[in-house]
Amino acid sequence: MLLKELSNANGTSGFEDEVRDLIKSRLSTYRTDAMGNLITSEEGKGLKVMLAAHMDEVGLIVSGIDDDGYLLFKKVGGIDDRVLMAKRVVIGENRIEGVIGAKPIHLLKEEEKKKTVEYDKLYIDIGAESKKDAEEAVGIGDPVYFATEFKENGHCFIGKALDDRVGCSILLDMLKKDFSFSLYGAFTVQEEVGLRGAQVVAYDIDPDICIVLEGTFASDTPDIKEELQTPKFGEGPAITVADRSVICDPKLVNFFRDTAEKNDIPYQIKRPFTGGTDAGAIHLTKEGVPSGVIALPSRYIHSPVSMGNKEDYKNMKELVYKILERIESEKGDFYGH
Amino acid sequence: MDIEFLGKLVKAVGVSGYEDEVAELIKSEMEKYADEVEIDKMGNVIGLKKGKGKGKIMLAAHMDEIGFVVSHIDKNGFIFISPVGGINVKTLISRRVIVHGNERYYGIMGSVPPHIKEKEEKELSIEDIFVDIGAKDREEVLKKGIKVGSIITYDGDLKKLSGRRYTSKTMDDRIGVFVLMETLKKAKSSYDIYFVATVQEEVGLRGAKTSGYKISPDIGIAVDVTLANDIPEVKEHKRITELGKGPAITIMDRSVIGNKRLNSFIEKIAQEENIPLQRNILSRGGTDAGTIHLTKEGVISTTLSIPTRFVHSTVECVDMNDVENAVKLLVKVLEKLDSFAVYQEKKTYSTYGRSRKQSYE
């Protein structure tokens, strides 16, 4: 399963090589740019459509090695300090195994039990006996990943980096199809640190419209108030009206909704003004690019254990396909082209 | 190295947006060594040393400094200020400054004497700081041409400390400009080299954005300072960089992830040439590389930093050995750029048209 391979591949922002190589192996034509974005292009007639998904994932980076051989680290992308403690990690291309240590409960003072330990007080233990020992295995600047293996569980799948390997997977699927319009695929780098890859790719491609394929949060968990539980797990792909980085083009949003309804594909609207995506950079490119976002609601994203729903995944793929099909049949009329 | 010029450089006035004085100084010095020099619309100084047309590399160091503007003058002649760039308020008390009006007037940053302090002091904020130029009232201040919007800069010359270490108010980033200038004197490359002293870095990497767009380089290297926390109380593994152990290449900061291939290329040259080089990882802070690498279709970029103690204070401190090594390294990198492939991978099959399906899955 492609999604499994994508989820298991490692690639924090700036270190996307493994993911890029995996995607490249599935493509017959592509090019990369100065930042490491992977771009496919099929020239056609009419509207120039860009599909984008980011290859990078949140993770950590080794920033120091102390005298006893413990590793200090910094975060790459947005990670809640509370999810870090007592996790297995792998470091660098050689996949050195390590754990983020945690003081046993036996040794904790009462007030310590209630407190979050900030990331700069945490450390990675690779079992090194000394600083020298550690330095032989890892170095400052090595990327660190959550050691989570992709698993299927009935109608769910569990893995790391579903944000945004689901987008990569669906984008690859769309590139398999033939359309008569110009279709550009952009597998972007460095989204998690500030939508950086997308900015230069969009400048390069200069599309008429852009659809960003994402993994977003699912908020139907016991710790979230019911009225805030949107999008939910298992209720279809989420369409973004607006997030913190972009107000999506209303014509596109309506086109997405209409297409879902006509084809009986369940969909939901993502809770507005939360999160940000590559569309934030893309829609501001040059004279502006009408942009939309379709995302798979996944529980517990930006942590070692994100969970997706197979039915949602299938529906997201179907929705994106139907949208592209309709862009082809209507030749972009919906957008007044 | 021309330490006398460094002395002029750190002293020249150049708060973000008001870089004219330092820009003129840099321009006239650059003209001695570069093929072309211009000051662009934003105020960036751009010097070009022509190569053999193999490509374009942009070296950028910002010439602006952090400082203040006058935000209010009260009836007793005390001047209130707004910061330009990231100011650590704790370093301000009892500081001597220069207020720029019709002439340059000395001022002092006052504080309430300890004798009358309340027991529970709230945390100091920029609004608590005022500048006293010795005026009796507002009229006297206004007569000197000091008004809301006038700039205020730190006072101080370059001072030599022990060994080859120097301190000044504006090592960030005049030391970077200095590295550029020394590199310009020796540089030989098949690439066209653009030496850019940028404006408005401290308020958001702004000058590098427009000069980067104008130049559209293949490769960009920002030369800036980074934190050297090799001071008491900070353990070795938390020091980020140390003085005297060479310049530092940026793996990651808040603004850029140093290009992996370019970093390896530079590290390899350092190794071959026996030039000490450190690695820089910061979760805060940024450099001009932050905007340069996002120019147009993207630019292969990184930052080379001079380790500096007490950054963003008036006593920033560097080791000239690191400066010398940075120059040595840059000269070598420029010389060997031919062997760095600015490639963009491409895979196309000869089968015409939509060949995608054939090899996919």
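In this predicted model, chain B contains a closed barrel of 6 strands. The strand order is β4-β5-β8-β7-β6-β9, and the pairing is antiparallel. From one strand to the next, the twist averages 45°. One of the pairings joins β4(B), residues 67-73, to β5(B), residues 78-84. These two strands run antiparallel and share 6 bridges. Within this pair, B:Gly67 in β4(B) has B:Val84 in β5(B) as its bridge partner.

Chain B is divided into two domains. Over C-alpha atoms, the centres of domain 1 and domain 2 of chain B lie 32 Å apart. Each domain gives 11 residues to the contact. On the side of domain 1 of chain B that touches domain 2, 4 residues are nonpolar, 4 are polar and 3 are charged.

A second sheet of chain B is open and has 3 strands. The order is β10-β11-β17, again with antiparallel pairing. Strands β10(B), residues 159-160, and β17(B), residues 316-319, are the edge strands, each pairing on one side only. Between β10(B) and β11(B) there are 2 bridges. One bridge pairs B:Lys159 with B:Thr167 in β11(B). The two strands form a hairpin, with 4 residues between them. In the turn, B:Gly163 has a positive phi of about 60°. In β17(B), the partner of B:Tyr166 is B:Val318, and that of B:Arg165 is B:Asp319. In general, strands of a sheet pair through backbone hydrogen bonds, in either a parallel or an antiparallel manner.

The largest nonpolar core holds 174 residues. Within this core, B:Leu59 and B:Val179 touch the most other members. Leaving aside residues up to four places away in sequence, B:Leu59 touches B:Leu180, B:Thr183, B:Ile193, B:Tyr194, B:Phe195, B:Val196, B:Ile221 and B:Val223. Another core lies apart from the largest one and has 23 residues. Among them are B:Ile66, B:Ile73, B:Leu92 and B:Val131. Nonpolar side chains tend to be buried together in soluble globular proteins.

Chains A and B are in contact through 33 residues of chain A and 30 residues of chain B. On the chain A side, the elements that give two or more residues are β1 (30-32), β4 (59-65), β5 (71-76) and α6 (196-205). Helix α6(A) provides the largest share, with 5 residues. By class, the chain A side has 12 nonpolar, 10 polar and 11 charged residues. Strand pairing also links the two chains. Strand β1(A) is joined by 2 bridges to β18(B), residues 346-347, and the two strands run antiparallel. Across this pairing, A:Arg31 has B:Lys346 in β18(B) as its bridge partner.

Technical notes. Residues are numbered from 1 along each chain as its sequence is written. Chains are lettered from A and ligands numbered from 1 in the order in which they are written. This is a predicted model: local features need pLDDT of at least 70, side-chain atom pairs count only at pLDDT 80 or more; totals for chains, interfaces and linings use all residues. Domain bounds come from an automatic or database domain assignment. Two residues are in contact if their C-beta atoms, placed from the backbone, lie within 7 Å. Ala, Val, Leu, Ile, Met, Phe, Trp, Tyr, Cys and Pro count as nonpolar, Asp, Glu, Lys and Arg as charged, and the others, Gly among them, as polar. Two strands pair if DSSP finds at least two bridges between them. Axes are lines fitted to C-alpha atoms, for helices over the stretch in contact, and angles run from 0 to 180 degrees between N-to-C directions. A nonpolar core is a set of buried Ala, Val, Leu, Ile, Met, Phe, Trp, Tyr and Cys residues joined through C-beta atoms within 7 Å. A residue is buried if 20 or more other C-beta atoms lie within 10 Å of its own, exposed if 12 or fewer, and partly exposed in between; C-beta atoms are placed from the backbone.
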